[in-house]
Amino acid sequence: MNDKKYTWLLYLIVTTIVLTIAVQGYWNYKNYLLNKQYFTNQVQVSLDNALDTYYADLAESNEMTIIESDSIYFNEDPHSFNPDSILRNIEFEYKNIHDKGISGFTKLNDSSGGYSFKKGQEHISKIKVLRGKKATDSIKLLKGITSIFISIKNDSLDFSKLNPLVEKELKRKQLDIPFALKHFKGDSLFNSINLKKADSNFLKAESKSTFLKNNEKLIIAYPNATHIILKQGLSTIIISTLLVFVIIGCLLYLLKIIQQQKQLAEVKNDLISNITHEFKTPIATIGVALESIKNFNVIDNKEKTKSYLNISSNQLSKLNVMVEKLLETATLDSDNLKLNKEAYTINDILDAILAKHKLQCENKTINFLGSSKNIVGIVDSFHFENAINNILDNAIKYGGDVINIELSQDAKDFYVSISDNGNSITKANTDKIFEKFYRIPKGNTHDVKGFGIGLYYTKKIIEKHNGTINLDLSNNLTTFKITLPND
């Protein structure tokens, strides 16, 4: 995948993540608004139900006057009459009839306790007076009545009776919230309760009950109760959030895999190019030596023949070492590599390694700051030596002029530190220095010799010894510190 495609894919993934978060956030917000509206409606319904129950209870203790008529005569348009004034007039006439026995009204021959009004010999209206429980039960049985007026004598709401009803309705809907009630007549506050529980942030709802008169308003004030609303939609929010995180996680993991594949492809191309370059040099050298022996009669010259054969042998050894390194690297990540651990004196192993390197690089100073006592460790000597050799080789090739090796021990572990005063490794390379096939870039790929597997090999070998290796770039020194258990 080229850089342009990778960049477009990166933009696409980032855009998808942003849109996913935005859509889920908007959806959760709309869900919150719906829950808030539902909560508001529940409070409204609870108030109306409580008020209906209040008036139903009130009707059981008040008087009901029923006018049954086909042709009551009115001096004015009957639709313009105030029902209260009609009831007062009828009640006045009813009392006069009842008290004074004025002619024209005849007592009904039924158990209603009412009267009929005659115009001449014709009964044109009936007045029935029912009270209390009898009135409440009887209204369900009335048929063919054209005019019904209910007279409730109470002019104000009794909050001592209404308040418990509202509390009961709210609890029935699982809304255990504080509230305040305000009763208005016109624009004036007529009565109220629980105002101390309300504050300026409370929401308000007005009762829509038909029992209230035209100039009356009953208002309930209740808290916004955001936590209640969020609690009601908590499961939805949690599921939505989890889905968002899963989608984002999958997209980021996909991006990571793509990035790793891109890097792997680059490393593979770089490795193939470097292997080709590394292998071609000794092969070409061997080819030249053999061609010289064949075509220039150097076989008669024993010294030249011996020299060319030595060159060929050295180059073949170099090829063999490179092939072995590649094969060893292939086995490091599997269980095929078995370590032959035995007790060795670490001081002796390090002395032998240093002696060999001092002979090969006279232009660098190598110091061994060994322990005053012999330190014995359980290691595979072959792989342990190779691991130390790889670090020293890098220090000699790319490090400073002074290389120090320190050996120390405590009750649990022993430590080998290899440091130099060079600065070829930067903090930007610290996290990648132990990766397979990674080499610190130097501009031209082929200026950096090797395959980038030395430190990777060292790290794997140390880990197979149940140890650790760390890189420290402090105090103007590049220090590799190896920690291995004593047993």
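Across the protein chain, pLDDT (the predictor's confidence in each residue, from 0 to 100) averages 75, and 72% of the residues score at least 70. The model is a predicted one, in which local features need pLDDT of at least 70 and side-chain atom pairs count only at pLDDT 80 or more, while totals for chains, interfaces and linings use all residues. Residues are numbered from 1 along each chain as its sequence is written, and side-chain values use heavy atoms, with hydrogens and water left out.

Two stretches call for some caution. Over residues 97-105, pLDDT stays under 50, and the model has 13 contacts (heavy atoms within 4.5 Å) beyond four places in sequence for them. Residues 143-153 also stay under 50, with 24 contacts beyond four places in sequence.

Helices (H or I, at least four residues) and strands (E, at least two) are DSSP runs numbered from the N terminus, and two strands count as paired if DSSP finds at least two bridges between them. Antiparallel strands β6 (residues 180-185) and β7 are joined by 5 bridges, and L181 stands opposite I193 in β7.

Turning to the interior, a nonpolar core is a set of buried Ala, Val, Leu, Ile, Met, Phe, Trp, Tyr and Cys residues joined through side-chain atoms within 4.5 Å. Buried means under 20% relative accessible area, exposed over 50%, and partly exposed in between (1.4 Å probe, protein chains only). The largest such core has 31 residues, of which I388 and V416 touch the most other members. Elements giving two or more residues to this core include α8 (346-360), β13 (402-409) and β14 (413-420), while α9 supplies the largest share, 6 residues. Beyond its neighbours within four places in sequence, I388 contacts L350, I353, V416, I418 and I482. A second, separate core of 27 residues includes F179, L212, I220 and Y222.

Strand β14 also holds S417, which is buried at a relative accessible area of 15%. Residues up to four places away in sequence aside, S417 touches N404, I405, E406, T479, F480 and K481.
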